[in-house]
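Visitor: Could you take me through this structure, one question at a time?

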Amino acid sequence: MTVRLLLADDQALVRSALAALLSLTEDFEVVAEVGRGDEVVAAAIKYRPDVALLDIEMPGLDGLAAAAALSHEVPGTRVIILTTFGRPGYLRRAMESGAVGFVVKDAPAEQLADAVRRVANGERVVDPALAAATLAGGASPLTGRERDVLVASRNGATVADIATKLFLSEGTVRNYLSAAIAKTGVRNRVEAFREAEQRGWL
């Protein structure tokens, strides 16, 4: 059986290297490559891959949102999140979005190939240590809006900038930032962003 693959990664060099690597395996065929999250569903509809390997950080739509859209629009395509960041929060959100596999990019090629075959055969594939850390860490305490505000604060955006971007009042933005700071147990919004990102809550 040949496993048809879709690759989604915004770094062209990484995507090309991954395609070349996987194409060396006789039972894999890379049928589609995209560089944006919002191109995933259209490519899957056109090429009908068995397995989609999605990076998390992509323009247009992140890999987790793309996984959710793909699971809804093309349920026959099974999703593996292939990411640089093996963070418990990412794993939880990946599973909630419909992904059935989670592999970090520094895993050996043999491990990635094994994960693709197992997912294509209907299994779920997750690193046991990361799964245990996810269970121990619990769910993200941030609400959707608190997460949005923290993400918008990236790169030093002012409260006014965040308010304009998210169509909120400045007072509301301050309230969400205060709540996020309290829930992450840090002193300011810069630290809150770092802490939330490190835990995979963003």
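Guide: Axes are lines fitted to C-alpha atoms, for helices over the stretch in contact, and angles run from 0 to 180 degrees between N-to-C directions. The model is predicted, so local features need pLDDT of at least 70 and side-chain atom pairs pLDDT 80 or more, whereas totals for chains, interfaces and linings use all residues. Residues are numbered from 1 along each chain as its sequence is written, and side-chain values use heavy atoms, without hydrogens and water.

Visitor: How are α7 and α8 oriented to each other?
Guide: The axes of α7 (residues 144-152) and α8 (residues 159-166) come within 9 Å and cross at roughly 125°; helices here are DSSP runs of H or I with at least four residues, and strands runs of E with at least two, numbered from the N terminus. Angles under 35 degrees count as roughly parallel, over 145 as roughly antiparallel, 65 to 115 as roughly perpendicular and the rest as oblique. The two helices, α7 and α8, are therefore oblique.

Visitor: Is Asp55 buried or exposed?
Guide: Asp55, which UniProt lists in an unreviewed entry for "modified residue: 4-aspartylphosphate" (an annotation that may be inferred rather than shown by experiment), lies in the loop between β3 (51-54) and α3 (63-73). Buried means under 20% relative accessible area, exposed over 50% and partly exposed in between, with a 1.4 Å probe and protein chains only. Because its relative accessibility is 6%, Asp55 counts as buried.
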